[in-house]
Amino acid sequence: MSPSNPARKHTALPKAQILIEALPWLTRHHGKTVVIKFGGNAMVDEELKAAFAQDVVFLRHAGLKPVVVHGGGPQISAQLDRHGLVSEFKAGLRVTTPEAMDVVRMVLAGQVQRELVGLLNQHGPLAVGMTGEDAHTITATKHRPRIEGELVDIGRVGEITDIDTGAIEALLADGRIPVVSSIARSQDDGHVYNVNADTAAAALAAALGAETLMVLTDVEGLYEDWPHSDEVISRLTATQLEKLLPELASGMVPKMEGCLHAVRNGVNTARVIDGRVQHSILLEIFTDEGIGTMVVPDALPDERSGGAR
């Protein structure tokens, strides 16, 4: 009998190569906290939701400490419609009456968060849901945006004044995955406020001293010269981003302001990635190429090996 060719059946070799490529990143990120803002299409598409949950559980089993922060704009709008409440926006923010706030709280803490916790917990007793109200995790004050020079009352929309990471850190130390709804209580009047989830994720990343903030969105990243070009800026510094902010589309502003806040306050990298791509989180953290746009502090050397970014 002739000896078989040892390379003949090794169809699994590419899998081994993929795992080995991830090794430097596994080593670098081991034990580090990563805050992920869950939103956009990834939040409403069933397959993307399931892939997101797999990614987060993978991070946890790979030795990272993921924290998930979510909003729920489309779900809130749908529920307000059912209750016959009008969705009105001023300065890009939802005008939130006390009646609307009851719906916002119910949808975020009772629907979106519960579903996400359920998806994560299909993989083990990992996820614990909470809101910014729990253990004073997020404290807010009433936010009054300035429109045409005037301060405008838009109801129960909050501006973050304080973060207490105690409850999240206790969950992380216990090996759990905190899933945080972006609602906060005010110290001033005791009311509950709706807080922008991008802003909340950035504030939590900074307060936790996270290695990375990742913001899922519905575009490939920050475009070089939109709408004339669909070239994505793969890497930029805090100062470069600050100069671009006035030119950005309104939906991108809280995301990029969040990235800027994070890297200016101790977070090593902040990334905006395309949540429409399955497993985009793993592609971003564990591959040479990465996807999306990465923001770094001004003095930080290039994060990617081999100058890929």
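A pocket, as the word is used here, is an open set of grid points with protein on both sides within 12 Å along at least five of seven lines. In this predicted model, the largest pocket holds about 1,200 Å³ of space. Its lining is made up of 44 residues, of which Leu93, Asn196, Ala197, Asp198 and Pro254 lie closest to the centre of the pocket. Divided by class, the lining has 18 nonpolar, 19 polar and 7 charged residues. Strand S1 (33-38), helix H3 (73-82), strand S4 (93-94), strand S9 (158-163), H6 and H8 are the elements that each give two or more residues to this lining, and the largest share, 6 residues, comes from H8.

Two of these lining elements also pack against each other: helix H6 (residues 197-208) and helix H8 (residues 253-264) have their axes 8 Å apart, at an angle of about 10°. Angles under 35 degrees count as roughly parallel, and H6 and H8 are therefore roughly parallel to each other. In their contact, Asp198, Ala202, Ala203 and Ala206 of H6 meet Pro254, Lys255, Gly258 and His261 of H8, a set that divides into 4 nonpolar, 2 polar and 2 charged residues.

Methods
Residues numbered from 1 in each chain as written. Predicted model: local features only at pLDDT ≥ 70, side-chain atom pairs only at ≥ 80, totals over all residues. Heavy atoms only, no water. Axes fitted to C-alpha atoms, helices over the stretch in contact; angles between N-to-C directions. Helix = DSSP H or I, 4+ residues; strand = E, 2+ residues; numbered from the N terminus. Parallel < 35°, antiparallel > 145°, perpendicular 65-115°, else oblique. Contact = heavy atoms within 4.5 Å. Nonpolar A, V, L, I, M, F, W, Y, C, P; charged D, E, K, R; others polar. 1 Å grid on protein atoms, 1.4 Å probe; cavity = no way out; pocket = protein on both sides within 12 Å on 5 of 7 lines; lining within 4 Å. Points joined across faces, edges and corners; volume = space filled by probe spheres on them.
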